[in-house]
Amino acid sequence: MKQRTFISVLAVSASLLISQFSLAQQASAPAKPQAINSIAVVVNDEVITQQEVNERIVSVERRLKAQGTALPDRAELKKQLIERLIVDRAQLQLAKENGMRVDDVMLDRTLQRMAEQNKMNLQEFRNQIEREGTSFARFREEIRDDIMMQRIREREVDSKILITESEIDNFLAAEASAKVGKQEINLLHILVRIPENATAEQIALRRNRAEEVVQKLRSGGDFAKLAVTYSDSAEALKGGDIGWREQDRIPQLFIDAINKIKVGEFSEIVRSPNGFHILKLVGKRAASEGQPAVAAVQQTRVRHILIKANQIVTEAEARQKLLDLKKQIENKTATFEELAKTNSADGSASKGGDLGWIYPGDTVKEFEDAMNKLAINEVSDPVQSPFGFHLIQVLERKTEDQSKDRQRMTARQALRERKSDEALQDWLRELRDRTYVEYREDQ
């Protein structure tokens, strides 16, 4: 009995092996090789897969079709898109190295605000995203990445832009002597970036590339399509669309160039430290003032204690730390000022957390909303914002006419925005140049 059993097992095993071999032969003979999710590019110690590239190509093509932009050659689009993925991945890596993260609570709040801005509830917003062919789960992660990249840009770029008092004086004087009212300008933009520390030969090659674009435009080429194909700017995959901006928030170099052309025309090549620019003037209009100038605004003098969540401190620990500090303040075992100096992760710590007089719009929405609900001297519960978790205390409030200080602050912000585009492009160029990139052949 045992021998028969052993023989039958062998027979079954042999039969299975023969059938598997037969199936393998049948499958391998006529079938085409199946695509696998191979590596497209190595970026430092991470990879970008072929699947990521292909999915993004489909997404970009869908968006370009929706906005009426002629599609470029797919090989050119793929090349442009891979470059964008490399730069984005490098930014995300740097953000993570600096302990930055975006938790689900903050992400959900951002999505809720996006839905409200589109006059939808969250479910309607989700349905709209999915109708456009993108899964909501993937859209969420793209927004998470966008927030992370915005944070690292704020830290590495925005915080380092310097505005001098003489620049503010000149800005206010020019605004006062302007013969026309404020304008908004709609631009398309192509940037042919020059590498950092480029040789004369490299600069000449990049100039030739920009001249090639101009020649194609003169031959009737579509500006948006050429932007997708040639531009190295952040808005390249949107057809170079910068959108409507107030004139005083556009780099002076761009203003000088578009002042020489009419709506619908494109500029000559404009050289800046980070590359060669070509601009198309899409439209001009009087700046919408929104509401008439307010004669008086409310200011709030406020202080805070900031605890940041990171790889060492969890969100729960950050909240609990602030609750413990609040209890000390309420029990009068320590003052707000003392605890801010010893615990706050903000630059205001040395001043006891004092942020001075705050105007509406000077802080992020989460902070401002919580601040506005507080009575004088009341201490908030922990408040989460993009910067971390805060204890907030309102010290004073006052209402007064728009002051010269406020005018200068507005001018400073306009000048900051004017400089930020070029500063961002410089930083992205430096980041890209120091990123290890290895291209892999398609498998």
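## A first look at the strands, cores and rings

Strand β1 is joined to strand β11 (residues 437-439) by three bridges, and the two run antiparallel. Welcome to this structure, which is a predicted model.

**Strands around β1**

- Strand β1 spans residues 39-43 and is mostly covered, with four of its five residues buried.
- On another side of the story, β1 also pairs with strand β2 (residues 46-49): four bridges join them, and they run antiparallel.
- Two residues separate β1 and β2 in a hairpin, and N44 in that turn has a positive phi of about 55°.
- V42 is a handy residue to look for: V47 stands opposite it in β2, while E438 is its bridge partner in β11.

**Nonpolar cores**

- The largest nonpolar core holds 25 residues, and L111, F125, F139 and W427 have the most contacts inside it.
- At least two residues of this core come from each of α3 (74-97), α4 (104-117), α5 (122-131), α6 (136-156) and α14 (404-433).
- Helix α6 gives the largest share of this core, seven residues.
- Another core lies apart from this one; it has 16 residues, including I48, L64, L237 and V437.
- As general background, nonpolar side chains tend to be buried together in soluble globular proteins.

**Aromatic pairs**

- Two aromatic pairs turn up in a search of the whole structure.
- In one of them, the ring centres of F125 and F139 are 5.8 Å apart and the planes are at 75°, so this pair is edge-to-face.
- Because F125 lies in helix α5 and F139 in helix α6, the pair ties together parts that are 14 residues apart in sequence.
- F136 and F139 make a stacked pair, with 6.1 Å from centre to centre and 25° between the planes.
- These two residues, F136 and F139, sit three residues apart in helix α6, so about one helical turn separates them.
- F136 has 6% relative accessibility and therefore counts as buried; F139, at 13%, counts as buried too.
- Through these ring pairs, F125, F136 and F139 are linked into a cluster.

**Charges over rings**

- R285 lies over the face of W244, 3.9 Å from the ring centre.
- The ring of W357 has the charged end of K398 over it, at 4.3 Å from the centre.

Technical notes: Residues are numbered from 1 along each chain as its sequence is written. This is a predicted model: local features need pLDDT of at least 70, side-chain atom pairs count only at pLDDT 80 or more; totals for chains, interfaces and linings use all residues. Side-chain values use heavy atoms; hydrogens and water are left out. A nonpolar core is a set of buried Ala, Val, Leu, Ile, Met, Phe, Trp, Tyr and Cys residues joined through side-chain atoms within 4.5 Å. Buried means under 20% relative accessible area, exposed over 50%, partly exposed in between (1.4 Å probe, protein chains only). Two strands pair if DSSP finds at least two bridges between them. Rings of Phe, Tyr and Trp (its six-membered ring) pair if their centres lie within 6.5 Å; planes under 30 degrees apart count as stacked, over 60 as edge-to-face and the rest as tilted. A charge sits over a ring if NZ of Lys or CZ of Arg is within 6 Å of the ring centre and within 35 degrees of the ring normal.
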